[in-house]
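Biologist: I would request a close look at a single part of this model, followed by an account of how other parts are arranged.

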Amino acid sequence: MAFAAEVGCGLKLVSLLLCGALCAHATTFCVTLAGLGGEPDYEQRFTTWAKEIDQTLKGAGPDVKSEMLSGPAATRARFRTVLESFAKEAKQQDALIVMLIGHGSFDGTDYKINIPGPDISATELAAMLDRVPAGRQLVVNMTSASGGSVHALQKPNRSVITATRSGSEKNATVFARYWVEGLRNAAADTDKNEVITALEAFKYAELKTKQFYDTQKRLSTEHASIDGGDQQGPLLAARFPLLRLGSIQLAAKDPAKQELLAKREHLEQQIDQLKFQKAATPTDEYKKQLSALLLDLARTQAELDK
Amino acid sequence: MRLLFILALSIPLAAQTVEECRNDEHYGRRDQAKQCFEKLIGSHNPAMQAEGFWGLRKYEEANKAFRLAVAGAPKVPGYRVRWGRLLLERFNQSQAAELFQEALQIDPKSAPATLGLALVASDGFEHKAVDLANKALELDPKLTEAQELLASLALEDNTPEKAAAEAEKALKMSPESLDAMAILGTMDMLRDQKSTPWFDRMLKINPVYGEGYAIAGHFFVLNRRYVEGIQYYRKALELNPDDMGARAELGVNLMRLGEEKEAREQLLQCFEGGYRNALTTNSLTLLDSYKNFVTFKTDNTIIKVHKKEADLLHPYVEAELKRAIATYEKKYKLKLTAPVQVEVYPDHEDFAVRTMGMPGLGALGVTFGNVVAMDSPSGRKPGTFHWASTLWHELSHVYVLTATNHRVPRWFTEGMAVHEETAASPDWGDRLDPEAIRAIKEKKLLPVAELDRGFIRPTYPNQVVVSYFQAGRICDYIDKTWGYDKLLDMMHSFAQSVSTAEVIEKQLGMKPEDFDTKFIAWLEAQTKTTVQGFDEWKKKIRTLNELAKAGKQDEVIQSGLAIRDMYPDYVEAGSVYELLADAYLAKGDKAKAMAQLEKYSSIGGRSSELIKKLATLQEEAGKKKEAAASLQRLNYIYPFDEELHRRLGDLWLQQGNTRGAVAEYTAVIASKPLDQAASRFNLARALQSDHRTEDAKEQLLLALEAAPGFKPAQRLLLEMSSK
């Protein structure tokens, strides 16, 4: 919803899609792959990040199925097996998340992630993902040169987040470190709706990555992007919930609270509308109206939380 | 100055004409000189043409003509030397040096070429300038310009007796040496004599010799007497408005004192007149960039910060500046009559423009009268720069310069400034570093009476850094032995324009040599363990880092504890404290890890990462007050850290320091956080606790505007509405 505030008229659409994604009894299938480090320091770093992602996702609730492959187990065959098992279980309303950590390469034609044994190319990965019937898919490729994988992976209803904007950004990346941090940090949930979306996690990691290079006085060698900078990319990522932080679903299940829920939604829409008209509204008038709506919303939420 | 040099050149045929032209110049007959140079252009000899163009300030043409001259007579060293001198005048030191070297390959005994190299070295305040000038004189004992250079170098080194002797020698060689007269006149004025005969003598020979006053300007600026320096540059320009070098210096020094409008006018005049050296162009660029700076004024402070970091930095800088002013007012028993201006540059290159053309380090901050320019902490890697320490250092200069009316040797004002850093807080200032250890061990510290030389013209790498250290320790020693008031007495003695030797004798009652002996003994006793054990420590710290890398925690602890106190001041990356803390943490012993990091921090360790780690351990151990103090230290080192301010805000709020919490949460907002809602909400909580209800409501509204469904903020809104 943070993005919704920026796009203005796309707001309602995003709200509804997000709500749909959260309300349905859908399962989220996740696989995290940590590739070869090349040296012990990277090896350890990649494995640690992958484990942290896996732990976070496993703790997110019963409707999340998470698998993690690292070290010698991170082979193409094992990865394929995991995705085949997902393909058997998943349904159209489900979601699939693939996260890649490690060193990647791009030869100008195809991208590959460096893993024990034969590497996996972006084209092969795309074919594996196509076989999973989950209707919403997210690939978070955090390797070097990951921007080179976008073209092969892109398709409708699949969001592709990459640590680099092209295949030519070949230096080891730090984006994964902050992506992991974003999943664990409530600060990433900027709209405070207790859900961290892919877009929110992306923005968190993107900002932290930029700050890392600024602080270290180093020339930035990675520039994260969504769908290779496609303007529609953030829309899909915004409606892709990654983690639920609170009890957002509980009220929705209580029929007695439907009226309050409707009121809350109405108030939220009024607030969004007022914010959209902020520039055209006199400051005092804006504040007065906003205060009143926010107070009403707070009271409604308090009722809902009883 | 140039006259005799020209005589020494072996330019065929038209030599007489060049001599005549320069002769006219020497006596200030500008119109005749111009006509003479114009005639030279008509010569068939490209070297003569070059001299003609040069005399008429047609530098491009002169350059081309010299190229032809050298191509036509590649074995004539004199052409290369003259071409080199042209390039030197036109700010191209490196190619000038190449030409002098080439001339020396042709004639290894070329005195003018050797002098050329001495001038290049002199431009960069290099020690070898003195050796080269002496060598040039050996090669040609009649080379007055080399003798004049020696006088100038001696005065730059703040050895006036030597400078006077060298200038007298120059006058013996040439009774009409205008520069020797200018140097002697400058020395009289630096000593605050009411008048000097030397400038009159100089003007009798050449009534329009503005260059003589420009020499005075140079030395007054070098002695940080900027106002008088500016006056001399103005005088130089009155006599010779075409002296763009003097005009550029006038512009730069006006800029140093904050007179930006006139500075720009003067520098623009230089730029448009083709005088485009790095100092002029970079200063103009810097002046242009001031539109991106925001100025904050109070009764006694003016703070100029870049707009991109003004919100965050300004409150911290202003608070610290006011605290330092209040402290120094008492310590120096002096109230400044004008506000102190502090300029903070996020781009180090902009700051570097402020120190261009100045000898010494000036790597972090620089003071011009009441104006302090310094790097912003954002311009450096976190942990490498203590901005508050630098601010206090520079402000000390403002007080010392004011108290002495700018009549103070470099070593003393730097020594006081270094002393004040650790006096403000023991963990501030610089630690005993390997360069200083080596200098103590190898007996490379300078006698106090010659310490200025270490700042102006270092003889070995890092001697400037060592000189800062030595000067600071001398002031520490005097403070400890005679008391702080003795330092003030010395400061006031320096104000009478007396030498270091005289001040030491008068105030400390001993010869400078005796002082050196006592000081060195004190310093060696203080640093004995580290200096004696340094080589062994160096080997062992390397091994310790290897053990840590291999994860051998027990061995790290055993070896680390054994060597830590051999060199306790070492708090850089890979310090014993850091390795010990990591090893203890790996073994789950948080208390011991915390103890190591506490020691690290108290000694002056500056790594943001380690200090935040320490604060976490302290918080976990329930030592919230100590945790807050640890994080507060980081505000003085690298405040561009949203997490730091949030954590410190939380700690202050928990401890009831509501003002501190408001300040820290305000800094979070100034950091432009991603999480606007939580940041505004935290500030609202702190403001409410500080009984600033209306401000709290404002922030709460902003929090909920960003995230209307933010439940903690909704609860606070309901709570505040019900009151």
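Biologist: In which helix does B:Leu190 lie?

Modeller: This is a predicted model, in which local features need pLDDT of at least 70 and side-chain atom pairs count only at pLDDT 80 or more, whereas totals for chains, interfaces and linings use all residues. Residues are numbered from 1 along each chain as its sequence is written, while chains are lettered from A and ligands numbered from 1 in the order in which they are written.

B:Leu190 belongs to helix H12 of chain B, residues 178-190; helices are DSSP runs of H or I with at least four residues, strands are runs of E with at least two, and both are numbered from the N terminus. B:Leu190 counts as buried because 20 C-beta neighbours lie inside 10 Å; buried requires 20 or more other C-beta atoms within 10 Å, exposed means 12 or fewer, partly exposed is in between, and C-beta atoms are placed from the backbone. Apart from neighbours within four places in sequence, B:Leu190 is in contact (C-beta atoms, placed from the backbone, within 7 Å) with B:Phe219 and B:Asn223. The C-alpha atoms of B:Leu190 and B:Ser497 are 7.8 Å apart, although 307 residues separate the two in sequence.

A residue of chain A may be set beside it. A:Thr47 sits in helix H3 of chain A, residues 40-58. With 18 other C-beta atoms within 10 Å, A:Thr47 is partly exposed. Leaving aside neighbours within four places in sequence, A:Thr47 is in contact with A:Ala34, A:Ser70 and A:Gly71. A:Met68 is 21 residues from A:Thr47 along the chain, and their C-alpha atoms are separated by 9.3 Å. Chain A as a whole has 12 helices and 11 strands, and 43% of its 306 residues count as buried. Of the contacts in chain A between residues at least 6 apart in sequence, 68% join residues at least 24 apart.

The axes of H6(B), residues 77-89, and H7(B), residues 93-106, come within 8 Å and cross at roughly 165 degrees; axes are lines fitted to C-alpha atoms, for helices over the stretch in contact, and angles run from 0 to 180 degrees between N-to-C directions. H6(B) and H7(B) are therefore roughly antiparallel, a term for angles over 145 degrees. The residues that meet include B:Trp83 and B:Leu87 in H6(B) and B:Leu99 and B:Phe100 in H7(B).

Helix H35 of chain B, residues 658-670, has 13 residues and reaches 18 Å from its first C-alpha to its last, close to the 18 Å expected at 1.5 Å a residue; the expected span is 1.5 Å times one less than the number of residues. Among the buried residues of H35(B) are B:Val662, B:Glu664 and B:Tyr665. Their cover includes H19 (310-331), H34 (642-654) and H36 of chain B. Just after H35(B), B:Lys672 takes a positive phi of about 55 degrees.

Finally, the contact between the chains takes 19 residues from chain B and 24 residues from chain A. On the side of chain B that touches chain A, the elements giving two or more residues are H36 (676-689), H37 (693-706) and H38 (711-722) of chain B. H38(B) supplies the largest share of that side, 5 residues.

Technical notes
Parallel < 35°, antiparallel > 145°, perpendicular 65-115°, else oblique. Contact = placed C-beta atoms within 7 Å.
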